[in-house]
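Q: Hey, could you walk me through this one? I'm new to it.

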Amino acid sequence: METLAPTGSYLTPNFEHARVSDAMCPRVLTCDPQTTMVTVAQRMAGEHVHAIVVLRETVDMEGVVGHRPWGIVSDRDLLRCATVIDDRVADDVAMGGVLLVHPDDRLTDVAERMLDQHTSHAIVVEPRTDRPVGVLSTLDIAGILGWGRG
């Protein structure tokens, strides 16, 4: 059996010094609550991602309409609804009460919160507006643990 040498594509800070911005994927795939789960599954597979953020429309005190992260549909949620996927929309299966974090949060703290909340994804939001700017997954944290030597 051949053993492959590990390869990495970047050098990162070590886990103890890393911030969310060091590990997060700066791309957010979103859908609205009424998106069919078949469409969500197709998008996840096509984009090679494990989660899609569900946005809800909001109206602020001045009447300005915006969108805020409300939930997340993960690949595990897809598995849970696999037998009834044709009858479900994102709103039916999304995990509400998602973990929102900021880019400057310490990665060690966020990893602990992810463990406490039994989640594999956190939505990274801009601190002043709560606009999603990225997603942090356990795989992203694995990259820091594996390659974070700076």
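**Starting with helix α5**

Q: Which residues of helix α5 are buried?
A: In α5 (residues 107-116), they are Leu-107, Thr-108, Val-110, Ala-111 and Met-114. Buried means under 20% relative accessible area, with over 50% being exposed and anything in between partly exposed (1.4 Å probe, protein chains only). Helices (H or I, at least four residues) and strands (E, at least two) are DSSP runs, numbered from the N terminus.

Q: Where do the buried residues of α5 fall, seen down its axis?
A: They fall within an arc of 165 degrees, so they line one face of the helix. The arc is taken from the directions from the helix axis to the C-beta atoms.

Q: What covers them?
A: The cover includes α1 (20-23), β5 (100-101), β6 (121-125), β7 (132-137) and α6 (138-147). Take Leu-107: leaving out residues up to four places away in sequence, Leu-107 touches Phe-15, Ala-18, Arg-19, Val-20, Ala-23, Leu-136, Ile-141 and Ile-144. Contact here means heavy atoms within 4.5 Å.

Q: Before I go on, what kind of model is it?
A: It's a predicted model, where local features need pLDDT of at least 70 and side-chain atom pairs count only at pLDDT 80 or more, while totals for chains, interfaces and linings use all residues. Residues are numbered from 1 along each chain as its sequence is written, and side-chain values use heavy atoms, with hydrogens and water left out.

Q: OK, cores. Which residues touch the most other members in the largest nonpolar core?
A: Val-20, Val-101, Leu-107, Leu-136 and Ile-141 do, out of 16 residues in that core. α1, α5, β6 and α6 each give two or more residues to this core, and α5 supplies the largest share, four residues. A nonpolar core is a set of buried Ala, Val, Leu, Ile, Met, Phe, Trp, Tyr and Cys residues joined through side-chain atoms within 4.5 Å.

Q: And what does the second core include?
A: That separate core has 14 residues, among them Val-40, Met-44, Leu-78 and Ala-94.

Q: Switching to the sheet: in what order do its three strands come?
A: The order is β5-β6-β7, in an open sheet with mixed pairing. β5 and β7 are at the edges with a single partner strand each, so one side of each has no neighbour in the sheet. Two strands pair if DSSP finds at least two bridges between them. β5 and β6 run parallel, joined by two bridges.

Q: How many helices and strands are in the protein chain?
A: Six helices and seven strands.
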